[in-house]
Amino acid sequence: MSGRFDNILTFKRLAERLWPILVWVAVWALAAALLGQPVLLPSPGETVVRLSQLVVTGEFWASIACSLGHIALGFLLACLLGIGLASLSYMSAPVRRLLAPVVGAIKAAPVASFIILVLVWVPSRDLSLVISFLMGFPIMYTNILQALLATDAGMLEMALVFRLSTAKRIRSIYLSQVLPSFEAACSLALGFCWKAGIAAEVIGLPDHTIGDHLHDAKIYLDTPSLFAWTLAVIVLSIIIEKAVRALIARAVAYVEAHA
Amino acid sequence: MDALVTFDAVSKTFGEKLVLDCFSYAFCRDTVTFIEGPSGAGKTTLLRLACGLEKPDSGTIKRVDGLRFSFAFQEDRLCENLSASANVRLACADAKSSVPEELLARFGLSDSRATAVRKLSGGERRRVALARALAADSDVLLLDEPLTGLDDDAKARAIGIIEEHLPGKAVLWVTHDKDEKRLIPSFNIVTL
């Protein structure tokens with residue numbers, strides 16, 4: 001009885017998440033049918049057909065792997081440097097003041113300026129790595145630093161009185177404080193890294209990348225391919241975000257269990 | 001008597017408010033000192049000064065070298081995401097010590113030891129904070145209204161456990177509750 005009730009609940013939750021998507025797909029299908037010009041707006045069906053043609057090619061997976069590898073590496077570097085420098089800034093006000101203008105400038109500068117500038121310095125194949133790093137770093141740095149600065153002073157006093165070691169302080173106080181902000185920053189930074197990384201590929205045109213294929217789709221007015229690649233990027237983005245969230249949730253559970 | 005923390009003409013102000021005025025006292029090993037006074041009289045400030053969390057504006061506080069403190073804060077100051085057991089264990093130098101589990105059991109928290117403290121009731125959290133203060137190896141035990149929020153039975157049980165941990169320590173105990181004093185056999189009183 002309870003199993004059946006759980007199934008009904010699961011179905012209800014699924015339906016609640018699916019219906020808005022279905023409504024927008026229906027709107028898309030209707031708009032495509034009314035226009036009747038796949039070059040301007042391909043239908044959802046045409047997009048899925050094109051995507052199914054793409055996924056059976058080696059080039060599709062090679063492009064996904066190349067773009068994903070570079071953007072993921074940029075994101076990872078943003079995480080590492082963001083966390084490292086935020087920790088340094090937390091410990092040292094002069095470091096915080098020194099980094100503030102740089103982080104502010106990276107946040108405010110248009111991504112196109114960075115892309116053009118970075119193209120002068122690095123080969124186009126590494127452009128998306130650098131750009132995704134530049135997009136992810138200020139988000140990670142700012143979120144982690146704010147979380148650290150908001151650490152409960154009472155808990156730090158408790159750590160002082162009980163002479164907690166640095167490792168114990170990190171596990172029991174700072175990790176609990178930082179992990180929710182880290183999760184939010186990851187979610188935000190991943191989205192920015194993906195968008196900016198692929199935009200960089202469209203400008204830099206490194207071979208065997210998603211950006212390269214998006215550019216080809218534009219040159220040849222192959223709008224169904226443009227939509228298919230975009231759909232692939234969206235699906236990948238969702239999968240990666242869910243995977244990162246699951247990883248963080250496991251890290252939180254591990255910390256709670258082993259602190 | 002073995003004085004562990006000695007206040008000599010200590011004054012402390014917060015803004016315009018004079019909280020401690022030329023306070024002198026020696027807190028000795030094997031002695032319980034109840035700190036009394038109306039709200040805002042400086043009872044908590046006295047404990048904070050004793051362990052170095054506050055600096056005096058004037059006067060001196062002498063502490064014996066290598067002195068170890070333990071503190072049951074007025075607010076529980078527990079790590080919300082950690083279990084009751086992990087919170088108590090934090091204060092133990094020996095990671096494998098059985099003291100945290102034993103203390104939690106004595107405080108009637110055996111069933112809650114693996115529960116994250118954010119899920120515990122106010123009274124349970126208070127007992128975890130007390131267990132942590134008692135689990136730490138310390139020379140000076142600072143108790144800031146440690147039994148607030150506990151019912152009579154829990155209070156009596158907690159006082160019994162605290163009493164076992166008094167030998168060898170200087171205890172500074174802030175309280176408004178006459179019962180707490182009645183249950184402790186010998187003590188000094190400082191009225192602010």
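**Figure 1. The contact between chain B and chain A.** In this predicted model, 23 residues of chain B and 16 residues of chain A form the contact, where contact means heavy atoms within 4.5 Å. About 1,600 Å² is buried between chain B and chain A, with carbon and sulfur atoms giving 62% of that area. Buried area is the accessible area (1.4 Å probe) that two parts lose on being put together, summed over both. On the chain B side, the residues that lose the most area to chain A are Arg77(B), Asn81(B) and Leu90(B), which together account for 33% of what that side buries. Residues are numbered from 1 along each chain as its sequence is written, and chains are lettered from A and ligands numbered from 1 in the order in which they are written. Because the model is predicted, local features need pLDDT of at least 70 and side-chain atom pairs count only at pLDDT 80 or more, while totals for chains, interfaces and linings use all residues; side-chain values use heavy atoms, with hydrogens and water left out.

Figure 2. Two salt bridges are counted between chain B and chain A; a salt bridge is a side-chain nitrogen of Lys or Arg within 4 Å of a carboxyl oxygen of Asp or Glu. In a salt bridge between the chains, the side chain of Arg48(B) meets that of Glu157(A), at 2.6 Å from N to O. Seven residue pairs between chain B and chain A are in polar contact, both residues being at pLDDT 80 or more. A polar contact is a pair of N or O atoms within 3.5 Å; within protein, one must be able to donate a hydrogen and the other to accept it, and residues adjacent in sequence count only if both atoms are side-chain atoms. On the side of chain B that touches chain A, the elements giving two or more residues are α1 (43-51), β5 (69-72), α2 (84-90) and α4 (122-135) of chain B. Helices (H or I, at least four residues) and strands (E, at least two) are DSSP runs, numbered from the N terminus. By class, this side of chain B has 14 nonpolar, two polar and seven charged residues. Ala, Val, Leu, Ile, Met, Phe, Trp, Tyr, Cys and Pro count as nonpolar, Asp, Glu, Lys and Arg as charged, and the others, Gly among them, as polar.

Figure 3. Chain A has 10 helices and zero strands, and Thr47(A) lies in helix α2 (residues 44-55) of chain A. Thr47(A) counts as buried because its relative accessibility is 0%; buried means under 20% relative accessible area, exposed over 50%, and partly exposed in between (1.4 Å probe, protein chains only). The side chain of Thr47(A) reaches the backbone oxygen of Ser43(A) at 3.0 Å. Apart from neighbours within four places in sequence, Thr47(A) is in contact with Trp28(A), Pro42(A), Phe227(A), Ala228(A) and Leu231(A). In chain A as a whole, 37% of the 259 residues count as buried. Of the contacts in chain A between residues at least 6 apart in sequence, 72% join residues at least 24 apart.

**Figure 4. The salt bridge of Asp57(B) and Lys12(B).** Side chains of opposite charge can pair when their charged atoms come close. Here the side chains of Asp57(B) and Lys12(B) meet in a salt bridge with an N to O distance of 3.9 Å. The pair links distant parts of the chain, 45 residues apart: Asp57(B) is in the loop between α1 and β4 (58-63) of chain B, and Lys12(B) is in strand β1 (residues 3-14) of chain B. Asp57(B) is partly exposed, with a relative accessible area of 46%, whereas Lys12(B) counts as buried at 8% relative accessibility.

**Figure 5. The salt bridge of Asp139(B) and Arg68(B).** The side chains of Asp139(B) and Arg68(B) meet in a salt bridge at 3.3 Å, N to O. Asp139(B) lies in the loop between α4 and β6 (140-144) of chain B and Arg68(B) in the loop between β4 and β5 of chain B, so this pair ties together parts 71 residues apart in sequence. Asp139(B) is buried, with a relative accessible area of 9%, and Arg68(B) counts as partly exposed at 33%.

**Figure 6. The salt bridge of Glu164(B) and Arg106(B).** Glu164(B) forms a salt bridge with Arg106(B), and their closest N and O atoms are 2.5 Å apart. Glu164(B) belongs to helix α5 (residues 152-164) of chain B and Arg106(B) to helix α3 (residues 99-106) of chain B, so the pair links distant parts of the chain, 58 residues apart.
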